There are 2 protein chains.
Amino acid sequence: MQLPVFDDVIAAHERIAPWIHRTPVLTSETFDQLSGAQLFFKCENFQKAGAFKARGATNAVFGLRPDQRAAGVATHSSGNHALSLSYAAGRRSIPCHVVMPHTAPQAKKDAVRGYGGEIIECEPSTSAREAAFTELERRTGADFVHPYNDPRVIAGQATCSREFMTQTEELDAVIAPIGGGGMLSGCCLTLSTIAPQVKIYGAEPRQADDAARSLHAGRLITDDAPQTVADGLKVPMKELTWQFVRQYVADILTVDEQAIIDAMKLVWQRMKIVIEPSCAVPVAAILANPSLFAGQRIGVIITGGNVDLDRLPWLNQEG
Amino acid sequence: MQLPVFDDVIAAHERIAPWIHRTPVLTSETFDQLSGAQLFFKCENFQKAGAFKARGATNAVFGLRPDQRAAGVATHSSGNHALSLSYAAGRRSIPCHVVMPHTAPQAKKDAVRGYGGEIIECEPSTSAREAAFTELERRTGADFVHPYNDPRVIAGQATCSREFMTQTEELDAVIAPIGGGGMLSGCCLTLSTIAPQVKIYGAEPRQADDAARSLHAGRLITDDAPQTVADGLKVPMKELTWQFVRQYVADILTVDEQAIIDAMKLVWQRMKIVIEPSCAVPVAAILANPSLFAGQRIGVIITGGNVDLDRLPWLNQEG
């Protein structure tokens, strides 16, 4: 697969504009005081389907050739990419097939079906998922849209930081969470082209720090199924995203689970917005590294807001 | 006491502008589909101190004569008015005294003190509160700023709908929750002057429906301590607010507790914003009265976002 280039981002932006929100940028006196920096929060929790992933998925779906429409798209995901691909496919009225372990939360299954996606349930193991997916591809001929290791997806996610740059002035750095690296690769692609002076940081749970270790070791390290409250960040980077991260990311900061939960709750409390645990990871990283960011203008990507409101992490800690 | 007039609103708006946010207006495809109407949410949960009450409190504080500064302001409240008055007093660097039952949530006490307010604790009864307040006034000579039955406060709250009208076009109606009636009176004051064609609705918990019964009976009915999850709406109207409501409000709609909780959770889930139970009351009222609002452009005042994140009402229902 080829790395996407900035022309792909421009094309993606034009393609997806009718289907996605230009999400707002919020500021917070509380977090400015706590961090000693000036923070600008790009709120993709307000994005269609509740996460930035709508950008990449919509780019893939609306970039399909007309003759690919009938077979539709397919993916394996139990998270925001599944919702986003179903959302996008629904907008273009094409089929969307999602392989998902039968143990996935009912709310996620309902949301995928609510957008018109079809779910193929499998046992919760990598081999079962791969078998189900192979059978699905054979049966439907659907186009596989990987959650992040896909040039169309990366180009779509890259529209977020492009938009962000038109909404803020003279940022010193941008920080985003890293799981598979789709969003962070998008930031690398955009910023290295239009704002190379802006430093790019990743933020990662210490309990799922394969991206940080990869960057420090200079080679791609992938762990199997780490445990963290930031469930969007469990997956490892792959070839494409690793190429961007290794080349353009200044550092990847890691934070522990309690810091993630505390930062998440504090954002809800003071900013009055619903964010996922993943989004709290960069916030926690900023608060844990004041000397790195003090006095600077920092862009923070709030990646999504799809949370199970019946299972909030600060409540699960009790009892 | 005299009713405030629209010139007071204009003066208030100028006075408070440096200290309050021009809060955003959000829309939601989900709620448009559910209601069959076009809804515009004026998000005062993003206001300073987390609620619209910052407007009225700031107007009172910054309207004090210089010779009143040393004695400061005082109030009794265990809710958003206490936070807001402390916030405003802090901005003008004057004392703020708040009488509060010692049973009030620790988080509220911490927030008041965080803004620099001084708390005088009393037993949780009306007589104890009044005794504590009389003693406080005698001791400090502080200016009493009532949470809603104060022309300065009503004029301040009225800036919200004034701002709202510049952010939206041709609304058919505005709906706001009613407790003491400060926000709704502000809407009456502003809209009767600058947009008299806009209908004004109140929304109230069925279990605290004294405002609805007052409007229907044509006389002020006040209940003592009703029980509802919408804890901001337990207080009754008083002379000033009743004058506005009786004259300008088209109707007051009531909803049951479960509908409030469901609407609150749905707003969090789909709009990704943190709102108080009180704000969910008008949302629930719209969903419960589709024929009243279908096809219309409706402004909904989201009054605040100060919620105890450890005690969410949909979780307290379990077990």
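Reply: Contact here means heavy atoms within 4.5 Å. By that rule, 21 residues of chain A are in contact with 21 residues of chain B. The model is a predicted one, in which local features need pLDDT of at least 70 and side-chain atom pairs count only at pLDDT 80 or more, while totals for chains, interfaces and linings use all residues. Residues are numbered from 1 along each chain as its sequence is written, chains are lettered from A in the order in which they are written, and side-chain values use heavy atoms, with hydrogens and water left out.

The size of an interface is often given as the accessible area lost when the parts come together. Buried area is taken as the accessible area (1.4 Å probe) that two parts lose on being put together, summed over both. For chain A and chain B this comes to about 1800 Å², with carbon and sulfur atoms giving 57% of it. Of the area that chain A buries against chain B, 37% comes from A:Lys272, A:Leu309 and A:Asp310, more than from any other three residues.

A:Asp310 also takes part in a salt bridge, with B:Lys265 as its partner and 2.9 Å between the closest N and O atoms. A salt bridge requires a side-chain nitrogen of Lys or Arg within 4 Å of a carboxyl oxygen of Asp or Glu. Between chain A and chain B the count of salt bridges is four.

Across the interface of chain A and chain B, 12 residue pairs are in polar contact, both residues being at pLDDT 80 or more.

As for secondary structure, helices are DSSP runs (H or I, at least four residues), numbered from the N terminus. On the side of chain A that touches chain B, α11 (257-271) and α14 (313-316) of chain A each supply at least two residues. The most comes from α11(A), with five residues.

By class, that side of chain A has 10 nonpolar, five polar and six charged residues. Here Ala, Val, Leu, Ile, Met, Phe, Trp, Tyr, Cys and Pro count as nonpolar, Asp, Glu, Lys and Arg as charged, and the others, Gly among them, as polar.

Definitions and conventions
A polar contact is a pair of N or O atoms within 3.5 Å; within protein, one must be able to donate a hydrogen and the other to accept it, and residues adjacent in sequence count only if both atoms are side-chain atoms.
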